[in-house]
Amino acid sequence: APPAATPPAAVVETAAAPSQDDLKRIAAHRAVELVQSGMVLGLGTGSTAAHALDRIGELIRRGTLRDVVGIPTSKKTEAHATAVGIPLSDLHAHPVVDLSIDGADEVDPSFNLVKGRGGSLLREKMIEGASRRFVVIVDETKMVPRLGGSGLAVPVEVIPFCWGHTLGRLRSLFDGEPGFDAKLRRAATAGDGGNDEPFVTDNGNYIVNLYFENGIHGDLDLISDKILRITGVVEHGMFLGMASSVVIAGKDGVTVVDK
Ligand code: 5RP
C-alpha cells in the first residue's frame with residue numbers, strides 16, 4: 001500500500017489583537033471617508049481625533065482632497081492641523097460647518113456624549129453644534145449604558161473668579177446622590193503631566209470634574225439646564241442629541257450607526 005500522505009503542518013494565526021490605539025485609528029479613518037473636497041470641517045481634539053487629522057493631512061498632500069478648510073476645536077488641534085497641512089479657518093468666516101469629526105469619553109445608547117477629558121469641551125460644542133453633520137469616532141470601550149457611569153469625570157468649564165463658590169453650587173445640585181463628588185481639575189491630573197495648579201482651558205477658564213458613582217440618573221436635558229443656570233458656569237461636557245453618527249471600532253470590526 002502507498003505510504004500515508006503526511007498531513008500539512010497546521011497554520012497558526014499569530015496576528016496580534018488590535019490595540020485600543022489601532023481601534024481609534026480604524027474609527028478615525030472610516031469617518032474621514034466621509035470628507036469631500038470643498039468641505040468645511042470641524043477638527044476634533046484628543047487621541048482619536050488626532051488620527052483623523054493625520055489622515056486628512058495625508059489626503060490633502062496626495063491631492064485626493066482639495067479646497068478643504070478645518071476649524072480646530074483647541075489650540076492643540078490647531079498646531080497639529082497646521083503641522084499636517086490642513087488649511088484653517090474659523091466660525092466667523094464659516095458659520096456653518098459641513099462635517100465635524102471628534103472623539104468622546106462616553107457614548108450612551110441614545111448617542112448622548114460626555115466629552116472634555118482633554119478640556120476642549122467649549123470650543124468643541126460651539127463648532128460641533130454649528131455642524132450639518134457631527135460624526136463621533138470611538139473604540140468600543142467608550143460605549144456605556146448611562147452617561148457618567150464609567151468612573152470618568154463629567155467636566156464643567158467655570159470662570160476662575162470665585163470658582164470654589166461655583167463648585168459649591170454644582171455640589172448642591174447633586175446633594176444626596178450616592179457617591180457623587182465634585183473636584184477642581186488640576187494640571188497634574190489632567191493627563192498632560194502638569195503641576196498642582198488648576199488646569200486652565202484654552203479660554204482661560206477652570207474645569208470642575210463631576211463624578212457619579214452609578215452614572216447620571218434623571219432627565220439629562222433638565223440636569224443640563226440646571227447646570228447651565230448656575231452663574232459662573234460657562235459650559236458642561238454633556239453633548240445631548242448632537243451626534244449625527246457614531247463610528248465604533250471593536251475587535252470584531254467597525255460599526256457605523258446613523259441617528
Ligand atoms: C477632548 C475630548 C476628546 O474627544 C475625548 O476626551 C476623547 O479623547 P480620546 O480620543 O483621546 O480618547 O472631548 O476635550
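The legends below describe close-up views of a predicted model. Residues are numbered from 1 along each chain as its sequence is written. Because the model is predicted, local features need pLDDT of at least 70 and side-chain atom pairs count only at pLDDT 80 or more, while totals for chains, interfaces and linings use all residues.

**View 1. Helix α1 packs with helix α2.** Helix α1 (residues 20-32) and helix α2 (residues 47-62) have axes 8 Å apart, at an angle of about 50 degrees; helices (H or I, at least four residues) and strands (E, at least two) are DSSP runs, numbered from the N terminus. Axes are lines fitted to C-alpha atoms, for helices over the stretch in contact, and angles run from 0 to 180 degrees between N-to-C directions. That angle makes α1 oblique to α2, where angles under 35 degrees count as roughly parallel, over 145 as roughly antiparallel, 65 to 115 as roughly perpendicular and the rest as oblique.

**View 2. Residues of α1 meet residues of α2.** On the α1 side are K24, R25, A27, A28, H29, A31 and V32, which meet S47, T48, H51, A52, R55 and I56 in α2; two residues are in contact if their C-beta atoms, placed from the backbone, lie within 7 Å.

**View 3. Six strands form an open sheet with mixed pairing.** The strand order is β2-β1-β3-β6-β12-β13, and two strands pair if DSSP finds at least two bridges between them. The edge strands, each pairing on one side only, are β2 (69-72) and β13 (253-258). From one strand to the next, the twist averages 20 degrees.

**View 4. Strands β12 and β13 pair in the antiparallel sense.** Strand β12 (residues 245-250) is joined to β13 over six bridges, and the bridge partner of A249 is V254 in β13.
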